[in-house]
Amino acid sequence: MYSRYARRYARLVTMPTTAPAPGLADVTASDSTLRRFLHGLPGVDAVGLEARAASLGTRSIKTTAKAYALDLAISMVDLTTLEGADTPGKVRALGAKAVHPDPTDRATPATAAVCVYPDMVAVAKEAVAGSDVKVASVATAFPAGRASLAVKLADVREAVAAGADEVDMVIDRGAFLAGNYMKVYDEIVAVKEACGTSARLKVIFETGELSTYDNIRRASWLGMLAGADFIKTSTGKVAVNATPANTLLMLEAVRDFRAQTGVQVGVKPAGGIRTAKDAIKFLVLVNETAGEDWLDNHWFRFGASSLLNDLLMQRQKLATGRYSGPDYVTVD
Amino acid sequence: MSDARLSVFKTYKLYVGGKFPRSESGRVYEVSDSKGKWLANAPLSSRKDARDAVVAARKAFGGWSGATAYNRGQILYRIAEMLEGRRDQYVQEVADAEGLSKSKAGVQVDAAIDRWVWYAGWTDKIAQVVGGGNPVAGPFFNLSSPEPTGVVAVLAPQESSFLGLVSVVAPVIATGNTAVVIASEKSPLPALSLGEVLATSDLPGGVVNILSGRTAEIAAPLAAHQDVNAIDLAGADEALAKELEIAAADNLKRVLRPQPVDEWSATPGTERMTAFLETKTVWHPTGSLGASGSSY
């Protein structure tokens, strides 16, 4: 009862529904219609957005609700290693951790996926074989995305051929910021096609490079129009990554997109989420903005690496009543 | 009335991670002098303050234990210098807290300052006393050296609010440990003021963290905390000490049981330092022994 009221209330105080009139097919007919549509989206009230994200972050989640939230958050982690120094051994260790995050407590849920570079997909696939853990691969000249379309598509095909269940692409921020929306759109469509039916596509906007909330809203709609299965905040390679405010904005976008088109799109904040407390704040955002339908690892993910250790330590604390320490989780 | 001036009361706060926060819980409790007259409100720390203090202490451990013994000695001596400059304030606080005359409180504070100097001198000598080369029958050197245990939870003595406090904190940090200190429950003010001196003595933030409140309430989560390596039970009564020692067994914490102390001003010896040291022993080959039994 309370949550239904809260959700209704949330809609009243956030943005009015931002979706355009039905008939979104026309929107992408040409460069100018796409531009007109994206620039016709209502402007974002930055102060209101940040205040709402901050106020939702003050919810107190305790005891059984906390236990539920921690397990849910663990099941939503895309356990990530995207370093130049990644070795097959490290990826295998990561895969083992994704399947059994806490070997001392087999009731701990597995994470959603491991996220690696395309050349490590085969290793990761082998490491998580026999479990429900997916393998996600970044592609399209991650993280800068500064390569020709042919190179990007080859990158994607290689990842998919190696068995990636999910592909995380980066958009061409240069083209987006230059106002060349059709180029960005066409690229996403082409990558989506290269993913085929076997791999879900996550589109990374790199919100830290988009400068304004208005741009994040436009990018969200652009990505969803082009067929993204997930929209993702950032690569984790720039100074500003996922924040509650930009994630809230993207959650509003997927909510409105489903209301307009009936198509549900997932959201993945990535980078900068390091504590269980932060993760739970994001889950509150999801519940209060997009709704319970998104409280599932098919529709919401955390791109993170160190977050998992903190979630596990909090879980141990809840189970034993003793504060845990970094000696009781793996060093990644 | 023109010369009347409103009193400026001091807000006593915790000292955690080099900062002076209030208790996370927002609670305070009344501290009164030996005659029951109200002195000030002190923060009533919660277990979450203890948790935050452990995080701060763990973060500071790498830098502090990695600092040279010489550097640690300089900083401990600096604490003594800073205390000397604020001697009058501490004399007043100790006199109020323990119901002593000014002159007796002065003796306590002087002894506390000298205690810092004593341990400042020990920092670069303890390794020579408790470490060393061990004779072995083989082509090896065998060397032992003391290393700090890690994060130490310290329950400061309940009666001696300042000299007792310094006598248990200084030996812990002299050897490179970091400390989470629970001040005397009845008289926490001198301990909370000590934070101000530590903060201005080049002591890195987080090396000493000072909490005030109910000793039993804060000590229980610290004793059970998996990321605390040792606990000094100086300020626990018999029942509490037993309970805490049981809780501390889970991750094999080093436990220093409360010991009867007649007079904190007595020369302390090295026991409080060695209680929180680990001995690292390394074997170093010297090459094969010749016919003479020695290769060098």
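The following exercises concern a predicted model.

**Exercise 1.** Determine which residues of helix 7 of chain A are buried, and where around the axis they lie.

*Solution.* Begin with the extent of the element: helix 7 of chain A covers residues 149–161 and reaches 18 Å from its first C-alpha to its last, close to the 18 Å expected at 1.5 Å a residue. Next, apply the criterion for burial, 20 or more other C-beta atoms within 10 Å. Lys152(A), Asp155(A), Val156(A), Ala159(A) and Val160(A) are buried. They cover an arc of only 130° around the axis, and therefore lie on the same side of helix 7 of chain A. The general principle is that an α-helix has 3.6 residues a turn, so residues three or four places apart point the same way. The face turned away from this buried side carries the exposed residues Ala150(A), Val151(A) and Ala161(A).

**Exercise 2.** Identify the elements against which the buried residues of helix 7 of chain A pack.

*Solution.* Helix 9 of chain A in turn lies across strand 4 and strand 5 of chain A, running at about 150° to strand 5.

**Exercise 3.** Describe the sheet of chain A and name its edge strands.

*Solution.* The sheet is open, with eight strands in the order 7-6-5-4-3-2-1-8 and parallel pairing. Strand 7 (266–268) and strand 8 (302–304) of chain A each pair on one side only, and are the edge strands. Neighbouring strands are turned by 25° against each other on average, direction ignored. As one pairing, strands 5 (200–204) and 6 (230–232) of chain A run parallel and are joined by three bridges; Lys202(A) has Phe230(A) as its bridge partner in strand 6 of chain A.

Notes:
Residues numbered from 1 in each chain as written. Chains lettered and ligands numbered in written order. Predicted model: local features only at pLDDT ≥ 70, side-chain atom pairs only at ≥ 80, totals over all residues. Helix = DSSP H or I, 4+ residues; strand = E, 2+ residues; numbered from the N terminus. Expected span 1.5 Å × (residues − 1). Buried ≥ 20, exposed ≤ 12 C-beta atoms within 10 Å, placed from the backbone. Arc of directions from axis to C-beta. Contact = placed C-beta atoms within 7 Å. Pairing = 2+ DSSP bridges. Axes fitted to C-alpha atoms, helices over the stretch in contact; angles between N-to-C directions.
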